[in-house]
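Open the model in your viewer and keep the selection tool at hand. This tour goes from one selection to the next and says what is there.

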Amino acid sequence: MKRRNFIIPGRFREGELADFMEDLKENFSWSRFYSHRRDIRKAFPSVYGLTIKKKIFDVISEEMRDGDRILDVGASDTPLREKILKRFPSAVYKTMDIDRAQHHDYYDLDDISETFDLIVLSEVIEHLEFQDGISMLARLLRLLKDNGRIIISTPNLHHPHRYWD
């Protein structure tokens, strides 16, 4: 299967996606949201046909190149650090987490001024309110280098624990 970009080609010029996300954050409209969702459904195949990857490192390994600068957001106790640096010894691995009990390079996205080739957001976004998630994505897009990638993972939404809280 041919790999497809997640951004609709021609929809955004260089740098416009971050501006779009910032505008979306400040001027959110459910009708615009549903309109964009329809556009995406037309442009991409159903998610039900996608291959499920059970391990985030498998996805990172496919997307990363040695020498890439990676930001692990919500890094917790940095379970990915050793695996990434073992497989990609020239990579620059930085972490961001709000938990100050653990050592991280950053504790707030607003403190980050450098850019990255790859940003990993593993099982973080589902903890945020919708508007906060949009704000976070807008900020992360500004931290990406040109042609940078963001990997976002969430737990299985069909798992019963989702309904027990």
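A salt bridge is a side-chain nitrogen of Lys or Arg within 4 Å of a carboxyl oxygen of Asp or Glu. Keep in mind that the model on screen is predicted.

**Stop 1: a network**

Select Glu63, Asp68 and Arg149, which salt bridges link into a network. The structure holds 6 salt bridges in total.

Now keep Asp68 and Arg149 selected. Their side chains meet in a salt bridge, with 2.9 Å from N to O. Asp68 is in the loop between α3 (56-63) and β1 (69-73), while Arg149 is in strand β4 (residues 144-153), so this pair ties together parts that lie 81 residues apart in sequence. Are these two residues buried or exposed? Both Asp68 and Arg149 are buried.

**Stop 2: Glu114 and its partners**

Select Arg69 and Glu114. A salt bridge joins their side chains, at 1.8 Å from N to O. Arg69 belongs to strand β1 and Glu114 to the loop between β2 (92-96) and β3 (116-122), so the pair ties together parts 45 residues apart in sequence. Arg69 and Glu114 are both buried.

Why does Glu114 count as buried? Its relative accessibility is 18%, and buried means under 20%.

**Stop 3: the nonpolar cores**

Select Leu71 and Val73. These are the residues with the most contacts inside the largest nonpolar core, which has 20 residues. Which elements give two or more residues to this core? They are β1, β3 and α5 (130-142). Show α5 next: it gives the most to this core, with 6 residues.

Finish by selecting Phe57, Phe88, Val120 and Ile151. They are included in a second, separate core of 14 residues.

Terms used. Residues are numbered from 1 along each chain as its sequence is written. This is a predicted model: local features need pLDDT of at least 70, side-chain atom pairs count only at pLDDT 80 or more; totals for chains, interfaces and linings use all residues. Side-chain values use heavy atoms; hydrogens and water are left out. Helices (H or I, at least four residues) and strands (E, at least two) are DSSP runs, numbered from the N terminus. Buried means under 20% relative accessible area, exposed over 50%, partly exposed in between (1.4 Å probe, protein chains only). A nonpolar core is a set of buried Ala, Val, Leu, Ile, Met, Phe, Trp, Tyr and Cys residues joined through side-chain atoms within 4.5 Å.
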